[in-house]
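Thanks for coming, everyone. I'd like to walk through one model today. Please bring it up on your screens.

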Amino acid sequence: MTDYRLDVQGISKSFGGVKAIEDFSFQVPAHDIVGIIGPNGAGKSTCFNLLTGVYPLDTGKILLDGKDISGLPQYEITKSGIARTFQNIRLFHGLNVLENIMTAADPYSTYGLWDVFTFSDKKKQRETEVRELSRKYLEIVGLKGYEEYKPESLAYGLQRKLEIARALATNPKVLLLDEPAAGLNPSEVRDFIGLIKKLNSQFDFSIVIIEHRMEVIMELSSRIFVLNFGKLLASGTPAEIVANREVTEAYMGEEDEACLL
């Protein structure tokens, strides 16, 4: 068994002649929060797409609790224990809030096709369990009472919470959050930081955050990895990253130096 919950070893990905990610390695200890930052186009979301199987790796390995999950289909990677949210919110608009969560939990049910056709006692029991579990996750993220709402009717910040609740329903070992504070106002950002701290104390999974809001990264992350043009530019504690001139220079022109303070 590895000391790391997630161990990413030298992953690379090119699109044509463009190297989106080149020999990027990072580690996430169990029950920890790490951040990945970098200017626009640095390869951050590509990294998440590689971790979740959206894109195949050109080179490298991805180990989850010491098990090599490189090259597995997306659904197998999810079942192995990696869940994510997206920079652009992707909810099921044909379903209500509760059903959005149930769709994430149901694939872990053990009933068969016959149980579905006959609506067996086993199917009924599991559906009840999934419904109650989904209600629990909604309550945890602060969406109790919104079960029958349509996702598109929710305020933007609540939609972000719904995405997180849906990810929780997959029972992850690692939760990947892609720009989770994007579009949130200052009050919502503080609420989001509190929610992540709550999840970190309540659950055993590790968290990896991609985020441009430096207050989120600096307050939540124990370690930060900085990408620039697909390569690792720097890594360290929040204090070490703030003091790193190369990191500041990489952000100049896109973000003010004060954004890292």
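In which sense do β3 and strand β9 pair, and over how many bridges? They pair in the parallel sense, over four bridges. Pairing here requires that DSSP finds at least two bridges between two strands. Strands (E, at least two residues) and helices (H or I, at least four) are DSSP runs, numbered from the N terminus.

Some ground rules. This is a predicted model: local features need pLDDT of at least 70, side-chain atom pairs count only at pLDDT 80 or more, and totals for chains, interfaces and linings use all residues. Residues are numbered from 1 along each chain as its sequence is written, and side-chain values use heavy atoms, with hydrogens and water left out.

Back to β3, residues 33-37. Strand β9 covers residues 223-228. Isoleucine 37 stands opposite valine 226 in β9. β3 also pairs with strand β8, residues 206-210, again in the parallel sense and over four bridges. There, glycine 35 faces isoleucine 209.

How covered is β3? Five of its five residues are buried. Buried means under 20% relative accessible area, exposed over 50%, and partly exposed in between, with a 1.4 Å probe and protein chains only. Ile33, Gly35 and Ile37 lie on one side, Val34 and Ile36 on the other.

Next, helix α1, residues 44-51. Seven of its eight residues are buried, so α1 is largely enclosed by the rest of the structure. Among them are Lys44, Cys47 and Phe48. Glycine 53 follows α1, with a positive phi near 85 degrees.

Now a separate sheet topic. Four strands form an open sheet in the order β2-β1-β4-β5, with antiparallel pairing. Its edge strands are β2 (18-29) and β5 (67-68). Eight bridges join β1, residues 4-15, to β2. Isoleucine 11 has phenylalanine 24 in β2 as its bridge partner.

Last, a helix pair. The axes of α6 (156-168) and α7 (186-202) come within 11 Å and cross at roughly 15 degrees. Axes are lines fitted to C-alpha atoms, for helices over the stretch in contact, and angles run from 0 to 180 degrees between N-to-C directions. α6 and α7 are therefore roughly parallel to each other, a label for angles under 35 degrees. In the contact (heavy atoms within 4.5 Å), residues of α6 including Ile164 and Leu168 meet residues of α7 including Phe192 and Leu195.

Also in α7 is glycine 194. Glycine 194 counts as partly exposed, at 39% relative accessibility. Its C-alpha atom is separated from that of leucine 220 by 9.5 Å.

Terms used. Parallel < 35°, antiparallel > 145°, perpendicular 65-115°, else oblique.
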